[in-house]
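Please keep the sequence and the coordinates at hand while reading.

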Amino acid sequence: MLAWNFIKHFPCKNLSRHILRDSRVRPLCFFTSSTPPSSFSIFASLSTSSSSSSSSSCFTDEPFAAPYLSVRIHCPKHALDPFSEALLCFGASSVAVDEAIEEADQDETSLASKEICIESIFPVHEEVKMCISQAANSIGLKEIPKFKVEMGDELDWITKNQDLFQPVEIAERLWIVPEWTSPPVAEAVNIILNPGFAFGTGEHPTTKLCLLLLQSLIKGGEAFLDYGTGSGILAIAALKFGAASSVGVDIDPLAINSAIHNAALNNIPLEKLELHLAPIENSSSGREIPLQKEQFDVVIANILLNPVMNLADHILSFAKPGATIGISGILSEQLPNVRERYSPFLEDISVATIGDWVCMSGTKKEEFIDN
Amino acid sequence: MAAAAKEILTRRPVAATIRLTVPAGGARPAPPVGPALGQYRLNLMAFCKDFNARTQKYKPDTPMAVTITAFKDNSFEFTVKSPTVSWYIKKAAGVDKGSTRPGHLTVTTLSVRHVYEIAKVKQTDPFCQYMPLESICKSIIGTANSMGIKIVQDLE
């Protein structure tokens with residue numbers, strides 16, 4: 001299977017160290033800490049994903065299948081707002097009020113108009129009863145509201161989320177198509193994707209902006225760097241437009257996983273697409289991404305304001321002088337900061353906008369003063 | 001936001017109102033965001049990207065109070081508020097959790113000055129601006145008491 005070929009390019013050396021540093025990333029089933037960064041564990045994960053590549057559930061592994069408690073609480077209508085706020089203070093992760101509840105669903109018609117149903121999510125270890133009673137006490141409710149606890153149905157929201165992804169037409173003859181759908185326009189440039197839980201389906205304004213920028217820049221034969229590759233959509237698009245090679249970098253191992261899968265879906269040979277897991281904290285000593293400086297003709301970083309500001313020198317260093325650099329994932333109100341940060345190093349800066357989002361691009365100056 | 005006002009005027013049918021706490025810059029499509037928004041078929045990635053972008057100016061991982069209005073056509077609007085009152089109280093008091101038996105067991109104390117400072121921050125929230133500072137203070141004191149944190153005039 002094509003997916004196996006990517007193991008060679010997968011930077012196995014320091015993988016486990018990178019992944020375990022971020023406490024926000026839930027324990028991954030395939031990266032075990034006890035064994036050394038073994039290609040064995042990676043083989044195991046890739047083999048499951050490649051064998052079930054036809055099913056959309058291949059990315060429903062441990063991290064997002066985290067259990068949760070789904071609690072339905074009956075709350076007096078007049079206390080809805082304070083009670084919701086109080087629940088959040090005392091341990092609820094989220095509180096949702098369904099506006100569309102039919103009155104016929106209520107048990108007693110006399111109470112139908114006085115009570116409302118709250119759908120709440122709690123972490124598994126939380127003492128739901130205690131939270132609810134503390135919340136009720138804190139706002140002065142005389143009785144503890146009735147409630148019912150159920151184990152959360154992980155698969156339910158995951159499938160609902162994947163169902164949302166429909167083919168997207170970015171430009172004439174450029175489509176992004178989910179793995180489980182056939183392309184609406186067979187002759188167009190179709191990028192097949194299963195993003196899993198990585199960012200980049202083509203629907204977001206920033207992805208669109210970057211894809212359009214890429215389409216205008218790639219003439220054939222360029223070396224492209226996708227910093228913050230997510231699902232790999234930009235890296236794959238560049239190759240489809242005629243780039244000679246693409247490199248995708250991300251701090252999230254799930255993104256790298258998704259990108260590997262998507263490259264296989266688009267029949268990208270291993271020599272053309274390299275993927276690297278970047279360290280989360282960019283220290284100047286050691287722990288660098290194994291890439292040469294000044295290697296790329298086009299560099300795009302579609303992330304967020306803070307990383308784009310903090311990593312500016314880093315991102316710029318990989319571009320050849322005269323290369324084009326695109327920065328996105330930023331809101332138009334954040335543009336002045338980014339422009340100020342990058343303008344010492346870029347000339348011919350131009351900005352494209354969709355809604356609140358912008359993409360800033362420019363050419364790296366031939367020489368810049370190192371200070 | 002002008003966009004929000006426009007939506008109210010055009011009366012898009014609302015499917016649900018969702019409230020949750022999300023760390024600034026740290027929204028991910030996992031619980032609680034995943035199931036909470038997924039139930040109403042909202043685009044998780046779009047929310048995460050949007051929320052993370054709009055909370056870049058806060059200290060990373062500060063728990064933000066988000067209110068999302070989900071419309072029947074699966075679109076959504078959201079507002080982000082400054083951290084929850086309980087978060088501020090815990091931070092000011094330097095404790096991790098409130099008391100397990102509020103009213104009976106006091107975990108620690110805070111001064112009225114703390115309450116005042118927290119109230120001032122909360123008053124900058126979009127929907128609190130009309131509330132008199134005194135009401136906000138009372139609400140904070142109430143939350144603190146129910147967490148087992150006593151408010152005193154001065155800390156020694």
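Within strand 1 of chain B, B:R19 is the bridge partner of A:V95. Helices (H or I, at least four residues) and strands (E, at least two) are taken here as DSSP runs, numbered from the N terminus. The model is a predicted one, in which local features need pLDDT of at least 70 and side-chain atom pairs count only at pLDDT 80 or more, while totals for chains, interfaces and linings use all residues. Residues are numbered from 1 along each chain as its sequence is written, chains are lettered from A and ligands numbered from 1 in the order in which they are written, and side-chain values use heavy atoms, with hydrogens and water left out.

The pairing of A:V95 with B:R19 belongs to a set of 5 bridges that join strand 2 of chain A (residues 94–98) to strand 1 of chain B, the two running antiparallel. Two strands are said to pair if DSSP finds at least two bridges between them. Strand 2 of chain A also pairs in the antiparallel sense with strand 3 of chain A (residues 115–122), over 4 bridges. A:S94 takes part on both sides: its bridge partner in strand 1 of chain B is B:L20, and its bridge partner in strand 3 of chain A is A:I121. Strand 2 of chain A is largely enclosed by the rest of the structure, because 4 of its 5 residues are buried. Buried means under 20% relative accessible area, exposed over 50%, and partly exposed in between (1.4 Å probe, protein chains only).

A salt bridge is a side-chain nitrogen of Lys or Arg within 4 Å of a carboxyl oxygen of Asp or Glu. Between chain B and chain A the count is 5 salt bridges. The interface also holds 10 residue pairs in polar contact, both residues at pLDDT 80 or more. A polar contact is a pair of N or O atoms within 3.5 Å; within protein, one must be able to donate a hydrogen and the other to accept it, and residues adjacent in sequence count only if both atoms are side-chain atoms. On the side of chain B that touches chain A, strand 1 (14–23), helix 2 (33–38) and helix 3 (44–54) each supply at least two residues. That side divides into 19 nonpolar, 13 polar and 10 charged residues, where Ala, Val, Leu, Ile, Met, Phe, Trp, Tyr, Cys and Pro count as nonpolar, Asp, Glu, Lys and Arg as charged, and the others, Gly among them, as polar.

In total, 42 residues of chain B and 49 residues of chain A form the contact, contact meaning heavy atoms within 4.5 Å. The two chains bury about 3900 Å² between them, 55% of it on carbon and sulfur atoms. B:R19, B:K49 and B:Q56 supply 21% of the area that chain B buries against chain A, more than any other three residues. Buried area is the accessible area (1.4 Å probe) that two parts lose on being put together, summed over both.

Helix 4 of chain A (residues 80–89) is largely enclosed by the rest of the structure, because 7 of its 10 residues are buried. These are A:L80, A:F83, A:S84, A:A86, A:L87, A:L88 and A:C89. They pack against strand 1 (69–76), strand 2, strand 3 and helix 6 (128–138) of chain A, and also against strand 1 and helix 4 (85–93) of chain B. Just after helix 4 of chain A, A:G91 takes a positive phi of about 135°.

Two further residues of chain A may be examined. A:S317, in helix 12 (residues 312–317), counts as buried at 18% relative accessibility. Its side chain makes a polar contact of 3.4 Å with that of A:K293 and reaches the backbone oxygen of A:H314 at 2.6 Å. A:D348, in strand 13 (residues 346–354), is exposed, with a relative accessible area of 66%. Leaving aside neighbours within four places in sequence, A:D348 is in contact with A:S361, A:G362 and A:T363.

Chain B has 6 helices and 5 strands, and 47% of its 156 residues count as buried.
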